Amino acid sequence: MPEGKSVNRMFANIANRYDFANHFLSGGVDYYWRKVLADQVQAFAPRRIVDLATGSGDVAFKLRDRLGTDVAVCGMDFCEPMLETARLKKKERAEYADLEFTFGDCMALPLPDASVDAITIAFGVRNFEDRHKGLSEIHRVLRPGGRLFILEFSQPHFWFRPFYYLYLKFILPRLAALATGDKGAYDYLAGSIEAFPSRPQLAQQVRAAGFSAVKAIALTFSIVAIHEATK
Ligand SMILES: C[S@@+](CC[C@H](N)C(=O)[O-])C[C@H]1O[C@@H](n2cnc3c(N)ncnc32)[C@H](O)[C@@H]1O
């Protein structure tokens with residue numbers, strides 16, 4: 001698993017181009033993935049949500065749009081330049097005024113035990129230095145009955161893999177170099193996606209951290225998956 005400090009440095013280097021690169025390299029399908037995530041969270045009807053590894057805040061903004069101002073949403077990340085991007089976007093719309101974006105490392109969350117109804121984490125778990133430790137921290141801060149929602153890359157359908165890995169390894173890093181000037185970060189992305197567990201394997205790791213009722217849905221040829229789990 002990657003070292004936390006180098007992950008932090010890597011995101012700090014691309015923070016101001018992160019959103020553009022995201023939408024460009026995914027062909028805009030990332031909007032749809034966050035929408036499905038927000039649908040699932042809305043169905044659970046939480047009162048207090050923390051969006052971990054929030055980055056530039058897109059999941060937090062989507063949750064606020066969908067769930068309204070009665071639901072408290074806080075975005076947390078350990079990379080200050082990414083949080084700064086989220087805070088700048090927050091200033092653009094008055095209805096985001098009470099959204100909080102604060103420092104928090106998933107390896108040691110600055111939250112009391114059993115204090116949160118729902119945790120979302122999009123494209124963050126893959127970058128954890130110690131996945132079991134991060135998932136256990138999430139388990140600690142959720143209230144009993146609370147829900148975890150993980151949106152993350154997954155292993156695509158068998159027939160789609162050759163095309164996908166061709167794109168990831170040879171095309172994406174070159175396009176990313178043009179979009180962000182940082183090919184290295186996207187070489188890392190390709191490697192980390194390929195090494196990431198399948199849906200059943202990740203579900204097993206989530207259970208090993210203490211969660212039950214783990215369900216997963218695959219999206220877009222199983223390029224990504226949303227795992228939902230209960231404390
Ligand atoms: C690929 S970005 C995802 C951002 C956002 N969730 C999204 O959907 O666009 C990954 C984010 O995870 C953050 N991150 C990685 N490891 C972390 C950790 N241990 N604690 C907090 N944030 C972390 C990085 O700083 C980065 O902002």
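**Reading the ligand shell, a helix and the core**

Guide: In this predicted model, 22 residues lie around the ligand, and those that come nearest are Ala53, Gly55, Phe78, Cys79 and Ala122.

Visitor: Which elements give two or more residues to the shell around the ligand?

Guide: Those elements are helix H1, covering residues 4–14, and helix H4, covering residues 58–67, and H1 gives the most, with 4 residues.

Visitor: How many residues of each class does the shell around the ligand have?

Guide: Sorted by class, the shell holds 12 nonpolar, 7 polar and 3 charged residues.

Visitor: How should I read the buried residues of a helix, and which are they in helix H2?

Guide: The general idea is that an α-helix has 3.6 residues a turn, so residues three or four places apart point the same way. In helix H2, which runs over residues 18–25, the buried residues are Tyr18, Ala21 and Leu25. These residues cover an arc of only 70° around the axis, and therefore they sit on the same side of H2. Among the elements that cover the buried residues of H2 are H1, helix H5 (80–91) and helix H7 (161–180).

Visitor: What follows H2?

Guide: After H2 comes Gly27, which has a positive phi, near 65°.

Visitor: Which residues have the most contacts inside the largest nonpolar core?

Guide: In soluble globular proteins, nonpolar side chains tend to be buried together. Here the largest nonpolar core has 59 residues, and Leu37, Ile119, Leu148, Phe149 and Leu151 have the most contacts inside it. Leaving aside residues up to four places away in sequence, Leu148 touches Ile119, Ile138, Leu142, Phe211 and Ala229.

Note on methods: Residues are numbered from 1 along each chain as its sequence is written. This is a predicted model: local features need pLDDT of at least 70, side-chain atom pairs count only at pLDDT 80 or more; totals for chains, interfaces and linings use all residues. A nonpolar core is a set of buried Ala, Val, Leu, Ile, Met, Phe, Trp, Tyr and Cys residues joined through C-beta atoms within 7 Å. A residue is buried if 20 or more other C-beta atoms lie within 10 Å of its own, exposed if 12 or fewer, and partly exposed in between; C-beta atoms are placed from the backbone. Two residues are in contact if their C-beta atoms, placed from the backbone, lie within 7 Å. A residue is near a molecule or strand if its C-beta atom, placed from the backbone, lies within 6 Å of it. Ala, Val, Leu, Ile, Met, Phe, Trp, Tyr, Cys and Pro count as nonpolar, Asp, Glu, Lys and Arg as charged, and the others, Gly among them, as polar. The arc is that of the directions from the helix axis to the C-beta atoms.
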